[in-house]
Amino acid sequence: MIKYIKRKDLDTKKYDDCIQKSIQSRLYAFSWYLDIVADNWDVLVLDDYKAVMPIPWKRKFGVKYVTQPYFCQQLGVFSVDEIKDDFVDEFINKIPNSFKLIAYQFNSQNRFSKKSFTRKNYLLNLQNDYSSIKTNYRKDRKYRINQASKLGVVFVPTSSASLIKLFKKYYSFLNLTSRQYKIITLLINTSIKQKKGFVIGAKHKNNVLGASFFIKEGNRIYYLFSAVSTEGKEKNVASLLINYTIKQFCNTNIILDFEGSMIPGIASFYKSFGAELEEYQYIKVNKLYPFI
């Protein structure tokens, strides 16, 4: 039986155990992560936490709606056992009618019959040695990394403040809100305390030219947030930071999760490292104006 359980009534240990052991396990679904990124969230739970589906939501003008939080790419149904497509449909049908709008992204292992839209992610398996992985880099990416590697850039652990400062200075055109900056700062600091997250900075002559934030959870490293300066772009620092991370985790069963993107230029950048496409599904439901 699938029940709707509010966050305050959730057995957090059983919930997180289900996420951790599930076939579809994703960083985004853990309670600590959702507590940071979601304004509110509750859970659909099968029996005694045999399977779960987190439901992040907001309220505006008295209307409750399900919405995907920032920095939270894939949610959906998580189960320790193999599931059939109609199993996911059962969970979708149990989303309470009190939610008049639904915009929700499922993990790549969920299949269902409801009309959906496809989104793209890119993954790079790091099980081979670095030389083998680099063989699959696109020719222009290899060249840029080889040239940039001669510039004397060094890599050091960096603080959330340093990364945020770079982003605010060089990416102000993206218009992140104070709430979004607060979320990413909390994600960085909390994950570092948990020994899951790390920020790598690229320095040249004592100047930080770029930094990238990653979280390792299970067999994935998630590339969550990054910023480079104008000089950093000229020196291909973004490529160097990813290449450095690949070097650190090659010869493991780790997958580097690039987190997207639907933007062609960014997708091309990720693919240039030999990353492979992973597709996941997105649904939109409008119960306020069903004929629109």
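In the largest pocket, the lining residues split into 22 nonpolar, 10 polar and 6 charged. The model is a predicted one, so everything here is a reading of a prediction. The pocket has a volume of about 1,400 Å³, and 38 residues line it. Nearest its centre sit Leu224, Glu259, Ser261, Ile266 and Tyr270. Strand 11 makes the largest contribution, with 6 residues.

Buried or exposed, how do the residues of strand 11 count? Of its 9 residues, 9 are buried, so the strand is largely enclosed by the rest of the structure. On one side comes strand 10 (residues 207-217), which pairs with strand 11 in the antiparallel sense over 8 bridges. Within that pairing, Phe213 stands opposite Phe225 of strand 11. The two strands make a hairpin with 2 residues between them, and Gly218 in the turn has a positive phi of about 65°. Strand 11 also pairs with strand 12, this time in parallel, through 3 bridges. Here Ile221 faces Leu256 of strand 12 as its opposite number.

Helix 9 runs for 13 residues and covers 19 Å from first C-alpha to last, close to the 18 Å expected at 1.5 Å a residue. Its buried residues are Val237, Ser239, Leu240, Leu241, Ile242, Asn243, Thr245, Ile246 and Phe249. As a rule, residues three or four places apart in an α-helix point the same way, because there are 3.6 residues a turn.

Most residues other than glycine have a negative phi, and most peptide bonds are trans. Asn236, in the loop between helix 8 and helix 9, goes against this with a positive phi near 55°. Its relative accessibility is 24%, so Asn236 counts as partly exposed.

Which peptide bond is cis, and where does omega lie? The bond is the one from Gly260 to Ser261, with omega near 25°. Ser261 belongs to the loop between strand 12 (255-257) and helix 10, and the residue is also one of those nearest the centre of the largest pocket. Past helix 10, Gly274 lies in the loop that runs on to strand 13 (276-286). With a relative accessible area of 23%, Gly274 is partly exposed. Gly274 and Arg138 are 136 residues apart in sequence, yet their C-alpha atoms are 6.9 Å apart in space.

Strand 3 (residues 51-60) and strand 4 (residues 63-66) pair in the antiparallel sense over 4 bridges, and Lys58 has Tyr65 of strand 4 as its bridge partner. This hairpin has 2 residues between its strands, and Phe61 in the turn shows a positive phi of about 50°. Strand 4 goes on to pair with strand 6 (residues 99-105) in the parallel sense over 3 bridges, with Val66 opposite Ile102 of strand 6.

As for the cysteines, how many disulfides does the model contain? The count comes to 0. Cys72 is in no disulfide, and the nearest cysteine sulfur, that of Cys18, is 16 Å away; a pair would need to lie within 2.5 Å to count. Cys72 is also buried, because its relative accessibility is 4%.

Key:
Residues are numbered from 1 along each chain as its sequence is written. This is a predicted model: local features need pLDDT of at least 70, side-chain atom pairs count only at pLDDT 80 or more; totals for chains, interfaces and linings use all residues. Side-chain values use heavy atoms; hydrogens and water are left out. Two strands pair if DSSP finds at least two bridges between them. On a 1 Å grid over the protein atoms alone, a cavity is a set of points where a 1.4 Å probe fits but cannot get out, and a pocket is an open set with protein on both sides within 12 Å along at least five of seven lines; lining residues have an atom within 4 Å of a point. Grid points are joined across faces, edges and corners, and a volume is the space filled by probe spheres set on the points. Ala, Val, Leu, Ile, Met, Phe, Trp, Tyr, Cys and Pro count as nonpolar, Asp, Glu, Lys and Arg as charged, and the others, Gly among them, as polar. Buried means under 20% relative accessible area, exposed over 50%, partly exposed in between (1.4 Å probe, protein chains only). The expected span of a helix is 1.5 Å times one less than its number of residues.
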